[in-house]
Amino acid sequence: MNLRLAFRTCCVLTLAASYNVYADSERLQAVQAFADTVLDQASDHYHGDNPSPLLASGVNPRNGEQLEWVFPDGSTAVLSNFSAQQNLMRVLVGLSNLTGDERYREQAKANVRYYFDNYQNDGGLLYWGGHRFVDMKTLEPAGPSEKEMVHELKNAYPYYELMFEVDPDATMAFIRGFWNAHVYDWEALETSRHGEYGLEMGALWDSDFTQQPPFFATRGLSFLNTGNDLIYSAGLLYHYNDEPGALTWAKRLAEQYVLPRNPETGLGVYQFTQPLKRDETDDDSDTLSKYGDRAQRQFGPEFGPDALEGNMLVRGRTGTIYSENPLMQLALAESLGDDGEELKKWTLDGLKAFAQYAYDEETNTFRPMIADGTDLSNYTLPRDGYYGKQGTVLEPYTAGSNFMLSYARAYTLEQDADLWRVARGIAKGRELGDIGDMGGQNSQVNLDTSNSDPYSIFALIDLWQATQQQAYLDLAEKVADNILENKRVNDFFVRNQEVEYAEIDSIDPYAILALEAAQRGETEAVAPFLNGGGFTEGAYRMANGDVRYSTTDNELFSLKPGEELKPNGKR
């Protein structure tokens with residue numbers, strides 16, 4: 001283990017047990033009760049005196065029943081997807097740091113060690129992600145459907161700090177295997193969200209590269225939510241193991257999402273390629289990528305060649321570009337120091353452009369747009385397609401606390417008026433009151449708010465770090481109290497009081513723990529929040545026997561007792 005890793009591990013993952021003096025905090029007790037309950041009720045109940053350390057991803061907080069995935073043939077598996085438990089791992093380590101109770105850290109380490117020992121294939125990949133998980137009953141890898149048993153990470157951001165501490169060699173093997181499986185053509189840097197297991201290791205960082213023009217056509221879909229995880233992993237491989245090639249390719253991939261930005265607006269992009277057209281169809285409702293760029297098919301006749309998938313700044317896509325990516329990339333840039341300056345600049349430039357062209361402070365909304373500046377607000381779709389049915393109206397959409405967080409995080413690194421303006425506008429729109437003039441002067445925060453959004457807590461912590469205005473932590477305490485009052489059932493945190501299952505990767509306890517650390521002035525005790533959102537997606541059999549071929553565990557966590565998923569991939 002190199003000295004950089006050893007120092008980082010010592011300073012971030014292990015803090016003094018003297019924190020016990022704070023252990024009677026009501027909020028900290030709530031997080032500790034959550035962790036204790038998860039480690040009890042989500043644990044392996046299926047293997048007698050020799051249980052695995054694995055945890056079920058979901059639990060019914062009223063009866064302890066663990067969430068099952070129902071396969072198309074009617075068989076079931078108790079869902080344990082470690083890629084969708086990385087926020088929990090950060091909570092467990094942070095809880096040990098703040099309480100001095102090592103049980104939580106040891107549980108997190110045991111999960112990492114068990115996964116490396118049992119679920120890492122010869123190519124380095126782990127059996128986790130969007131289409132793979134472990135069945136707690138059999139301890140065997142499983143998947144939602146046979147044809148989709150591929151490797152996929154989208155904005156998952158594994159807890160690499162802990163993984164490097166537990167097993168540096170296995171972690172490095174995973175990151176190299178991750179890139180090996182998801183880069184289809186290194187010279188063109190063609191990437192895809194799906195990676196094949198069992199590939200032989202290629203040349204990796206020693207591969208040749210030739211810069212391609214923006215939006216060149218490929219079979220692989222270069223979605224940013226997959227690119228984010230690749231960039232993050234290679235950046236940290238360099239940080240922990242001094243692999244210059246890993247940093248070169250991390251920056252090279254990050255730059256692919258910068259080069260196609262519109263030169264006039266600086267907006268974009270969600271992907272740097274366009275789908276290679278390999279077939280013909282006259283059916284506008286058939287949105288498979290083999291028929292070519294889906295935005296061009298739907299918007300091209302009216303808006304011309306700039307109407308490409310990568311240039312579409314619509315709800316959902318902008319969350320990845322201007323929320324998930326900035327949190328990850330700014331954290332990575334900070335950890336890389338001087339080596340991260342380009343990542344930092346690219347990220348801040350993108351956020352400023354989005355603030356200038358897309359944000360409406362009066363309504364706290366973002367305009368749906370094309371990256372060339374075309375405003376699609378209230379545009380009626382003239383034909384069916386990937387972005388909605390004919391007649392669908394593209395309306396401005398509310399700027400949520402996830403965007404407030406990315407702008408607040410950016411402000412901690414650069415005190416820019418546009419960054420502050422967006423954070424201020426969203427705070428007002430989310431009933432948090434007025435955070436004041438730039439720098440926090442003349443604030444009038446709303447300490448009577450009903451806001452119970454954990455993203456608000458993370459954003460307020462960042463604003464406090466940037467300004468040292470105590471009012472922001474006071475407001476964060478109110479939001480935390482609202483969470484404790486409205487989003488707990490039997491020590492679990494739930495999306496609302498009516499849902500049937502609680503997800504153990506909830507970010508509510510994470511936010512409350514981060515607030516506890518901030519109140520003590522020990523923010524490094526809890527890992528920075530990166531908005532990691534691992535998930536499981538695939539074919540799922542409903543109670544009536546029909547099969548939904550696109551179902552996510554996020555949908556299952558939103559169901560009320562007795563409520564069924566609706567057919568045709570919709571709820």
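Trainee: Which residues does S207 touch, not counting residues up to four places away in sequence?
Mentor: Bear in mind that this is a predicted model. S207 is placed in the loop between β7 (190-191) and β8 (216-218), and its side chain reaches the backbone oxygen of L204 at 2.7 Å. Leaving aside residues up to four places away in sequence, the residues that S207 touches are W186 and W249.

Trainee: Is S207 buried or exposed?
Mentor: The relative accessible area of S207 is 16%, and the cut-off for a buried residue is under 20%. Because 16% falls under that cut-off, S207 counts as buried.

Trainee: Where is F215, and what is its phi?
Mentor: F215 belongs to the loop between β7 and β8, and F215 is buried, with a relative accessible area of 11%. Although F215 is not a glycine, its phi is positive, at about 65 degrees.

Trainee: What is the relative accessible area of L189, which has a positive phi although it is not a glycine?
Mentor: L189 lies in the loop between β6 (183-185) and β7, where its phi is about 55 degrees. L189 is buried, and its relative accessible area is 0%.

Trainee: Is the peptide bond from G268 to V269 cis or trans?
Mentor: V269 is found in the loop between α8 (244-256) and β9 (273-275). The peptide bond that leads from G268 to V269 has omega near -10 degrees, and the bond is cis.

Trainee: Turning to helices, how are α14 and α16 oriented relative to one another?
Mentor: Helix α14 (residues 454-467) packs with helix α16 (residues 508-519) at an angle of about 25 degrees, their axes being 8 Å apart. Because angles under 35 degrees count as roughly parallel, α14 is described, relative to α16, as roughly parallel.

Trainee: How many nonpolar, polar and charged residues has the contact of α14 with α16?
Mentor: The crossing in which α14 passes α16 is left-handed. From α14 the contact takes P454, I457, F458, I461 and W464, and these meet D508, Y510, A511, A514, L515 and A518 in α16. By class, the contact has 1 charged residue, no polar residues and 10 nonpolar ones.

Trainee: How do the residues of the contact of α6 with α7 divide by class?
Mentor: Helix α6 (residues 168-182) and helix α7 (residues 224-241) have axes that come within 10 Å and cross at roughly 145 degrees, and α6 passes α7 in a left-handed crossing. In α6, the residues M172, I175, R176, F178, W179 and H182 meet a set in α7 that includes T226, D229, L230 and L237. The residues of this contact divide into 8 nonpolar, 4 polar and 2 charged.

Trainee: Which elements are included in what covers the buried residues of α12?
Mentor: In helix α12 (residues 401-411), 10 of the 11 residues are buried, so the helix is largely enclosed by the rest of the structure. Among the buried residues of α12 are F403, M404, Y407, R409 and Y411. What covers the buried residues of α12 includes α10 (317-336), α11 (341-358), β12 (365-366), α13 (417-429) and α14.

Terms used:
Residues numbered from 1 in each chain as written. Predicted model: local features only at pLDDT ≥ 70, side-chain atom pairs only at ≥ 80, totals over all residues. Heavy atoms only, no water. Axes fitted to C-alpha atoms, helices over the stretch in contact; angles between N-to-C directions. Helix = DSSP H or I, 4+ residues; strand = E, 2+ residues; numbered from the N terminus. Parallel < 35°, antiparallel > 145°, perpendicular 65-115°, else oblique. Left-handed = near helix turned anticlockwise from the far one by under 90°. Contact = heavy atoms within 4.5 Å. Nonpolar A, V, L, I, M, F, W, Y, C, P; charged D, E, K, R; others polar. Buried < 20%, exposed > 50% of the residue type's maximum accessible area, 1.4 Å probe, protein only. Polar contact = N/O pair within 3.5 Å; in protein donor to acceptor, adjacent residues only side chain to side chain.
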